Each structure stands twice: as structure tokens, then as C-alpha cells.
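User: I want to know what stands behind the labels used for this protein. Please take the terms one at a time.

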Amino acid sequence: MALILSAATGNFNAGATWVGGIVPGAADEARASTTHTITITASVTCTELSNAGTGTYVLNNGVTLTANVTHKSTTTSTLLTFSAASPATASIVGNITAGAVASGIAVVNSSTGTLTVTGNLLGGSVGGGSGCIAVNNTSTGVVNITGNATAGSGGNAHGAQNAAGTLTITGNATGGSVTTANGINNNSIGTLNLIGTATGGSNATAYGANNASTGQLNITGTAIGGTAGIGANNTSTGTLNLTRAKGNAFGIGSVGLSAAVGVSSAQASITKVEEIEYGSLGQSPTSGPTYLTSELTNVAIFVNYPTGSKTLSDPNNTAGLSPADTDVRSGVVYNNGNDTGTCEVPAAGSVAFGVPVDNTTGTATLTAADVRAAIGLATANLDTQLADLPTASENADAVWDEATSGHTTAGTYGGRIVRSINSNNELQLTGSHHAAADVHEFQAAVIQSVAFATSAVTLFTDAMRTELTPELTEITEVHAIHGLDIANALTVTPTSRTSGAITQSITGDGTTNTVVTRV
């Protein structure tokens with residue numbers, strides 16, 4: 001790796017800015033020399049960004065810096081500044097280390113813009129001043145960090161610090177070895193979010209995470225007591241929200257440890273903890289006034305001496321102590337919010353009378369009227385349809401009327417009956433079997449089978465059968481659709497009636513109208 005020094009104040013990507021006119025590349029360390037300010041106006045990749053004397057860098061909007069950022073000056077307080085106003089953004093990909101000088105801050109977000117860092121943070125090695133801090137959010141801007149924040153070996157040497165803005169860290173925060181060296185520090189009215197574990201350091205006032213004023217500290221994870229330091233400390237009037245507090249391993253037989261709780265809260269603060277876990281040797285997880293946020297979601301975890309085994313429920317249900325989702329009523333949230341029931345339980349009024357349901361039995365009753373209503377055949381509609389069907393006598397009369405009036409053309413049955421010319425249009429026969437125009441009725445027993453030749457009878461019956469075929473078919477179908485055909489049972493559904501080859505469709509709403517159609 002080549003060390004390339006700045007030759008003058010200027011643009012990072014300009015050759016004139018660097019000694020020898022060589023712009024630092026991916027394998028180089030770029031160092032801002034004393035009195036020089038280097039402005040990064042386009043994305044840059046190098047191995048390391050550092051400074052000497054009063055040398056500094058400015059990161060512009062929309063730029064990504066890919067490099068480790070290390071404060072190496074012994075005289076200046078800040079290495080790199082991002083000061084663009086919102087909605088400006090910039091990114092740093094690399095580890096960031098604070099300096100070895102009082103107030104030696106590596107990276108500062110001093111405006112309302114958003115700075116994103118992907119890499120680990122390490123506080124500095126010198127105490128005094130405002131502290132040697134890897135990343136400091138000094139205004140109302142936003143800083144998002146993916147990586148671990150670790151305090152340095154100097155006083156106030158925090159891994160990251162927030163003032164009035166919002167600082168979010170996805171990673172772990174660890175306190176240092178000297179007084180007030182915190183992994184992360186919220187020192188004003190802003191909001192500090194940690195998604196990970198906060199572990200106290202080896203000094204009693206070196207906290208993994210510290211809320212020092214009226215701001216809000218949110219930890220989605222665990223705060224664990226360190227060798228001597230508290231995992232998360234709410235020291236003033238601010239608010240601390242924490243998933244789990246855990247005491248350290250202090251207790252009978254422990255060596256080199258001081259009693260350290262997972263979370264400590266001042267009397268005027270608001271501290272809320274969802275889960276508590278005692279240390280392996282019984283060290284308390286909390287100190288000071290602390291709220292257990294919910295009776296439904298809180299899980300208290302105790303650890304026995306000396307085995308370290310858990311005696312109450314595991315919040316992740318690893319012991320399988322909770323019922324299956326299918327055994328819990330639908331919509332009920334349980335197991336510390338990790339599961340939701342899916343068992344659908346109908347109301348007793350929706351279950352047949354006497355059938356077990358829930359902690360009772362069904363109360364619903366089923367009547368004939370219910371069945372008719374369900375298939376769209378209310379009582380009045382069904383009775384009307386049945387009343388409209390013709391009787392057997394009416395069908396026979398209709399057949400006879402059709403034969404004698406509707407079928408009178410030549411060759412038909414009606415046409416073969418010789419009609420008289422009198423007004424009543426009837427054939428009159430005398431006792432000697434002669435037609436007479438003045439006789440208006442058939443004489444009793446005057447027509448006998450011997451009066452007809454066999455061929456005439458055959459012709460007569462065949463003709464009648466032929467002429468009556470449509471009517472006989474209709475009678476047969478009416479017989480069947482009434483359910484009177486033994487060979488073809490009548491099957492009725494909400495939408496159809498079927499007997500043998502005969503099918504009728506049923507439509508309509510069953511209340512205001514019902515339509516039966518031959519299919």
C-alpha cells in the first residue's frame with residue numbers, strides 16, 4: 001500500500017491536490033496534510049483515509065467513500081465532515097477509528113442530511129475534551145450504521161454518539177475500559193436505536209449504551225452487564241426501551257468481576273423492559289425503577305446456580321411448551337407474541353343442537369321450513385307449483401278434446417269418425433247399425449265387436465295408437481314428473497327435478513318467483 005500525501009487544498013480526484021499528481025487509488029492510503037482540506041465530490045475507493053496536522057476531508061452529497069477512515073492527527077479534532085442539508089445523503093464503506101488526541105473525532109455529521117456507514121466503529125485512545133469518537137451525529141441529521149460500535153481506551157471515547165438527530169446501529173455496542181467510555185452514547189434530545197446487544201465494559205461507568213439526557217434510547221436486543229460496567233444506562237430523565245436485560249456472571253465463586261446489571265435507570269427516567277434474565281450466578285438484571293412493559297408479552301427468565309439451567313419459559317419457546325397454532329383460537333396472540341392461533345371456532349348458534357362446540361354445545365335447530373328456505377322453495381311457492389299441475393282426469397279430457405277437435409284432417413283419428421251434418425256434429429247410428437241424420441245419440445249396445453271386420457278393428461286401433469302417441473308420451477312424462485313412475489324415482493334438488501330422461505331446471509329466488517323449465 002502506497003501512502004500518498006496531499007499537496008494542496010482541493011478536489012480529491014484532481015491530480016494537483018496530491019504530491020506527484022497521483023490521485024490515490026484502491027491500493028493507497030490517502031492522507032490530508034496539515035492545513036489542507038480535501039473535498040470528495042465523486043465516489044472514491046482507497047485502502048485508507050487519514051490525516052496529519054490540521055488536515056481534513058469534506059464528503060459531498062451523493063458520494064460513496066469506500067475506505068477505512070482513521071484519525072491519525074495529534075493536533076486537529078475532526079478528520080471527515082459531512083455537512084450537506086437534507087435530503088442530501090452520503091455513504092462510507094469501511095471501518096472508522098477515532099484519534100489519539102483530545103476530541104479526536106473521525107467522522108462528523110454536522111447537518112440535517114443522512115450519512116450511512118457500513119463498517120465497525122472504534123473510539124479513540126485519549127481522554128479529555130468532548131471525547132475521541134468514531135462517528136458523531138452533532139446536529140439533527142440521520143446516521144445509519146451497520147456494524148459494531150466499541151468504546152476506546154480514553155475517557156469519553158465512544159464508538160458512536162448522537163445529539164439531537166437520529167442514530168441507528170445494526171450491530172453490537174460494547175463499553176470500554178476507562179471512565180465514561182461507552183459503546184454508544186445519546187447525550188441530548190435525539191433518538192438512538194440499537195438493533196443488537198449492548199455489553200458494559202470493564203469500568204463501572206463504561207456502559208454498552210448510555211442515555212445521558214432527555215432523549216430516547218431504543219434497544220431491540222439484550223443489554224448485558226460487563227466485567228464491571230452496565231449494559232444499558234438511563235441516567236437522566238430520558239426514555240429507554242429494551243427487549244431484554246441480563247445481569248453479568250458476578251456471584252459466589254466468580255473471579256475478576258464486579259456486580260453489573262443489564263440495565264440501570266435513574267429515578268426520574270422512564271425505563272421499559274420486556275424480558276429479564278438473571279446472570280448465571282444470580283446477578284440481578286435490573287437496577288432502579290423499571291417497567292415490565294406487558295403482562296401478556298413479558299417473560300421472566302431465571303437461571304439456577306450452579307447449573308445455569310433456565311427454570312421458566314423460554315421467550316422463543318425452544319422447549320416446545322406452547323400449544324400448536326392450530327390448537328389456539330384464531331387471532332389470539334401468545335407465546336410472547338411469537339405465535340398466533342389459527343383454530344376457527346363457530347358460535348354455538350351456528351352448530352346443530354346438542355353437538356359439542358367450544359366449551360358448550362350447539363343450539364341451532366333444523367326445521368322443514370329451514371330446508372325449503374335453504375333450497376329456495378318457500379312453502380307458498382312449493383304449494384302453488386304443485387297446485388298448478390293438472391290432475392289425471394284433466395289430462396284425459398285434454399287428450400280426448402285434442403283427438404276430436406284438433407286432429408280432424410283426412411287420415412287422422414278424428415277425421416275417420418264420420419260426422420253428421422247436423423248442428424251438434426255427431427254421428428248417429430240406428431239399432432240396425434245404419435247412420436241416421438235425425439238420431440242425436442248412440443243407442444245403447446247397438447255397436448258390437450262383430451259389427452266390425454278384423455281388419456277394420458286393427459286399422460282403427462293402429463290409427464288411434466299412432467294419433468295418440470304424442471298425448472300418451474305427455475301422460476307418461478306427467479306421470480313420471482309427479483314421482484309416480486316406480487322405475488324412475490323423482491329426484492329434486494334446489495335447482496332441478498329429474499325422473500328418468502326428463503329433467504326440469506328450477507330458477508328464481510324462491511320467494512317472489514320460481515321458474516320451472518323443461519331441459
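Analyst: Two strands pair if DSSP finds at least two bridges between them. Helices (H or I, at least four residues) and strands (E, at least two) are DSSP runs, numbered from the N terminus. The model is predicted: local features need pLDDT of at least 70, side-chain atom pairs count only at pLDDT 80 or more, and totals for chains, interfaces and linings use all residues. Residues are numbered from 1 along each chain as its sequence is written, and side-chain values use heavy atoms, with hydrogens and water left out.

User: What makes strand 37 and strand 38 a pair?

Analyst: Pairing needs at least two bridges. Strand 37 (residues 496-499) and strand 38 (residues 502-508) are joined by 4 bridges, so they pair. They run antiparallel. Arg497 has Gln504 in strand 38 as its bridge partner.

User: Why are strand 36 and strand 39 called edge strands?

Analyst: The open sheet has 4 strands in the order 36-37-38-39, with antiparallel pairing. Strand 36 (491-493) and strand 39 (514-518) each pair on one side only. From one strand to the next, the twist averages 15 degrees. Axes here are lines fitted to C-alpha atoms, for helices over the stretch in contact, and angles run from 0 to 180 degrees between N-to-C directions.

User: How do you know that strand 21 pairs with strand 18 and with strand 24?

Analyst: Count the bridges again. Strand 18 (residues 166-170) and strand 21 (residues 191-195) run parallel and are joined by 5 bridges. Strand 21 and strand 24 are also parallel, with 5 bridges. Ile169 stands opposite Leu194 in strand 21. Leu194 in turn stands opposite Ile219 in strand 24.

User: Why is Ile219 called buried?

Analyst: Buried means under 20% relative accessible area, exposed over 50%, and partly exposed in between (1.4 Å probe, protein chains only). Ile219 has 3%, so it is buried. Ile219 belongs to strand 24 (residues 216-224). Not counting residues up to four places away in sequence, Ile219 touches residues including Leu194, Ala209, Ala232 and Leu242. Contact means heavy atoms within 4.5 Å.

User: Why is Ala52 called partly exposed?

Analyst: Ala52 has 27% relative accessibility, so it falls in the partly exposed class. Ala52 sits in the loop between strand 5 (44-51) and strand 6 (56-59). Leaving aside neighbours within four places in sequence, Ala52 contacts Arg31, Ala32, Ser33, Thr34 and Ser73.

User: What makes a group of residues a nonpolar core?

Analyst: A nonpolar core is a set of buried Ala, Val, Leu, Ile, Met, Phe, Trp, Tyr and Cys residues joined through side-chain atoms within 4.5 Å. The largest one has 53 residues. Leu49, Tyr57, Leu59, Leu65, Ile92 and Ile96 touch the most other members. Beyond four places in sequence, Leu65 touches residues including Ile40, Val44, Leu80 and Val93.

User: How much of the protein is buried, and how confident is the predictor?

Analyst: Of the 519 residues, 38% are buried. On confidence, pLDDT is the predictor's confidence in each residue, from 0 to 100. The protein averages 84, and 82% of the residues score at least 70. Over residues 418-430 the pLDDT is below 50, yet this stretch has 31 contacts in the model beyond near neighbours in sequence. Residues 435-446 are also below 50, with 25 such contacts.
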